[in-house]
2 protein chains.
Amino acid sequence: MSPHRAAEPQHASSGRRAELLALAATLFAERGFVATTVRDIADAAGILSGSLYHHFDSKDSMVDEILRGFLDELFGDYRKIMAAGLAPGDTLRALVVASFESIDRRHAEVAIFLNESKYLAQFERFGYLAERSAEFRTLWTGVLADGVRTGDFRAGMDVEVVYRFIRDTVWVAVRWYRPGGALSARAVADEYLAILLDGIAGRP
Amino acid sequence: MSPHRAAEPQHASSGRRAELLALAATLFAERGFVATTVRDIADAAGILSGSLYHHFDSKDSMVDEILRGFLDELFGDYRKIMAAGLAPGDTLRALVVASFESIDRRHAEVAIFLNESKYLAQFERFGYLAERSAEFRTLWTGVLADGVRTGDFRAGMDVEVVYRFIRDTVWVAVRWYRPGGALSARAVADEYLAILLDGIAGRP
DNA sequence: GTCTATAAAGGGATAGAC
DNA sequence: GTCTATCCCTTTATAGAC
């Protein structure tokens, strides 16, 4: 509750810290977490590896901070959409668009989340990854089940299978989508929804 | 061309070699290639790490042999399908079914191919991974483009985007599909095709 | 085909000077 | 906030005995 400085995170997020974290995220995303050494990160930053430990406790701390920040933002977006109380079809559209926008804005973070979650989840420290996955599943299957009731989605479809299908197909786009490329996140989301909805949308 | 022994691979594939390779594949798939140590593999086999080098030159050789074997088999299946000269819609069905069956039969290999290709492709030795990807792309986009011409698939669809969509959505299923579980490979392929084809199939 | 023993390199992390 | 210097551990891989 310090005066005159509202929006700044508490501990020395002096800019340099964020800068180093962004560099680490890029490397973790490109080479993989295990294959990236703290020396790689330091090299990219133009400092020596020992100096990194002035900013972070450990390599684990870095990826931890990256993932927590990303997930907080993503679930914040999701909760806003759910709170809007749209029809299931529109909620699904909004969730897909928000997800592709996060791939656009947080490309490295999404790649780390997709590629490293399984490895990291085995350590206690990253237990929140499993919790978030469960939350994620509850949210999406809820929307799908609602839509089956209202007739927005095809009657009799297997909600669990369709959920996994959507989850995987959305996030896996991070493998080829390039922010700033020919296709905007919105355009990809629309192309994706065109394929998806003509498949699962209920027909009268 | 040694007599009396037809179907055996040339160098000491005495069974033990295949056994060790299967163990390594499981570990590479579960923990990731970089995170799996040769000691992990040796432990799983009940021998010491040095003993592994009686069978294999290096850790790289192991994953190399695993991937080559898998890709040879997969592309063999694909070529048989292409040689049958089916209509584009049926060719696509057959390719999808063959892919899900390979996820069923070669689960660990598919997981390694999906998760480690990007990392391995940076080394010269694994240059064939990029070649195979290109071959893969040519094959699938050819089928899709054919189908647009014949009317099997929706006119005006973006063949490149749909190709990436199919490629990613098929292989990413390895993340949740469990061989021997409630859903058979065939059942998953059918569910998948039901979603996919009602989205991209041309309507008269 | 496996073990013993060990080399050589690279990994994460620390203490204290500047 | 970064550097110097270095510790300690793990990793891949080898040589030769059994």
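Between chain B and chain A there are 10 residue pairs in polar contact, both residues being at pLDDT 80 or more. A polar contact is a pair of N or O atoms within 3.5 Å; within protein, one must be able to donate a hydrogen and the other to accept it, and residues adjacent in sequence count only if both atoms are side-chain atoms. The model is predicted: local features need pLDDT of at least 70, side-chain atom pairs count only at pLDDT 80 or more, and totals for chains, interfaces and linings use all residues. Residues are numbered from 1 along each chain as its sequence is written, chains are lettered from A and ligands numbered from 1 in the order in which they are written, and side-chain values use heavy atoms, with hydrogens and water left out.

**Interface between the chains**

- Chain B and chain A each bring 30 residues to the contact, where contact means heavy atoms within 4.5 Å.
- About 2,500 Å² is buried between chain B and chain A, and carbon and sulfur atoms give 65% of this area; buried area is the accessible area (1.4 Å probe) that two parts lose on being put together, summed over both.
- B:F165, B:W176 and B:I195 supply 25% of the area that chain B buries against chain A, more than any other three residues.
- Two salt bridges are counted between chain B and chain A, a salt bridge being a side-chain nitrogen of Lys or Arg within 4 Å of a carboxyl oxygen of Asp or Glu.
- A:D198 pairs with B:R154 in a salt bridge, with 3.0 Å between the closest N and O atoms.
- On the side of chain B that touches chain A, the elements giving two or more residues are α1 (16-31), α6 (107-120), α8 and α9 of chain B.
- That side of chain B has 15 nonpolar, three polar and 12 charged residues; Ala, Val, Leu, Ile, Met, Phe, Trp, Tyr, Cys and Pro count as nonpolar, Asp, Glu, Lys and Arg as charged, and the others, Gly among them, as polar.

**Cavities**

- The whole structure holds two cavities of 30 Å³ or more. On a 1 Å grid over the protein atoms alone, a cavity is a set of points where a 1.4 Å probe fits but cannot get out, and lining residues have an atom within 4 Å of a point.
- Of the 14 residues that line the largest cavity, A:A173, A:W176, A:V188, A:Y192 and B:F165 lie nearest its centre.
- α8(B) gives the most to the lining of the largest cavity, with five residues.
- The second largest cavity has about 100 Å³ of space, and its lining includes A:F165, B:W176 and B:Y192.
- α8(A) gives the most to the lining of the second largest cavity, with four residues.
- This second lining divides into eight nonpolar, one polar and three charged residues.

**Fold and salt bridges of the whole**

- Chain A has nine helices and zero strands, where helices (H or I, at least four residues) and strands (E, at least two) are DSSP runs, numbered from the N terminus.
- The C-alpha trace of chain A spans about 65 × 40 × 35 Å along its principal axes.
- Over all chains the count comes to 32 salt bridges.
- One salt bridge joins the side chains of B:R68 and B:D64 (3.1 Å, N to O); both residues lie in helix α4 (residues 59-83) of chain B, four residues apart, about one turn of the helix.

Notes:
1 Å grid on protein atoms, 1.4 Å probe; cavity = no way out; pocket = protein on both sides within 12 Å on 5 of 7 lines; lining within 4 Å. Points joined across faces, edges and corners; volume = space filled by probe spheres on them.
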